[in-house]
Amino acid sequence: MWRRVASVSHLTFAQKSIVNKDVCKFKFWEAFSTEIPRKEKGTFQRDKTPFITFVLGGPGSGKGTQCMKIVENFGFTHLSAGDILRREIASNSADGTMILDTIKEGKIVPSELTVKLIQKEMESSDNYKFLIDGFPRSEDNRIAFEQIIGAEPDIVLFFDCPEDEMMKRVLNRNQGRVDDNIDTIKKRLKVFSALNLPVVKYYLERGKLYKINAVGTVDEIYKQVYPLFAQFNFEQQV
């Protein structure tokens, strides 16, 4: 069953408590076994309730870099929605071709496809702690995740960064990505503002959102992030 998350009223990142009173479970557990859940290498760690963190922020907000530090300190599995989609593109599948065309237009990939690709990654993991980076990108994404996966996030991080700073960072990283050119970046930022901010508002109203000032050095930004995970007493990585 879905776990209630402890209150963190002593933190000031959001106005509401992080307590999650919704009780859910992952629908895909039912397809695995009717026996008592147990850990098996290469499959989702079913003997523990999943801890899901959504990581939101515009392109160039630095959320991927912060995810790497969370993984290093707290042992989460980092699932980048963008990386998952790019791997599908590289596979030269029909879905990959459709995803590539959609990204080039600066549009959102169909929610059902994105969620099913994320679900596949979660089911193949032997971890129970997940950072889902760059997702949900729209209300449609959010609803599809809840319907297909059957769960809500425990917490939601929102890396708040000025648009001009995000633009500069994306152009400077020069990773050769299909979506790292000025025209596509402008489209992505426009789509982000139109579609992602309602998701931010939704989770803020539910008391799950933690707004992070994403301007500063990596370590300065991480000082805001670290306490959010330290409070749960996860086994820290050496």
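Is Gly216 buried, exposed or partly exposed? In this predicted model, where local features need pLDDT of at least 70, side-chain atom pairs count only at pLDDT 80 or more, and totals for chains, interfaces and linings use all residues, Gly216 counts as partly exposed, at 38% relative accessibility (buried means under 20% relative accessible area, exposed over 50%, partly exposed in between, with a 1.4 Å probe and protein chains only). Residues are numbered from 1 along each chain as its sequence is written, and side-chain values use heavy atoms, with hydrogens and water left out.

Gly216 sits in the loop between β5 (209-213) and α9 (218-230) (helices, H or I, of at least four residues and strands, E, of at least two are DSSP runs numbered from the N terminus). Leaving aside neighbours within four places in sequence, Gly216 is in contact (heavy atoms within 4.5 Å) with Arg169 and Ile221. The unreviewed UniProt entry lists Gly216 under the feature "binding site", together with Gly60, Ser61, Gly62, Lys63, Gly64, Thr65 and Arg173; UniProt positions follow the numbering used here, feature names are shortened, and annotations may be inferred rather than shown by experiment.

Gly64, also on that UniProt list, belongs to helix α2 (residues 63-74). Gly64 is partly exposed, with a relative accessible area of 24%, and touches His78 and Asp133, not counting residues up to four places away in sequence.

Thr53, by contrast, is buried, with a relative accessible area of 0%. This residue is part of strand β1 (residues 51-57), and beyond its neighbours within four places in sequence, Thr53 has contacts that include Phe76, Phe130, Ile155 and Phe229.
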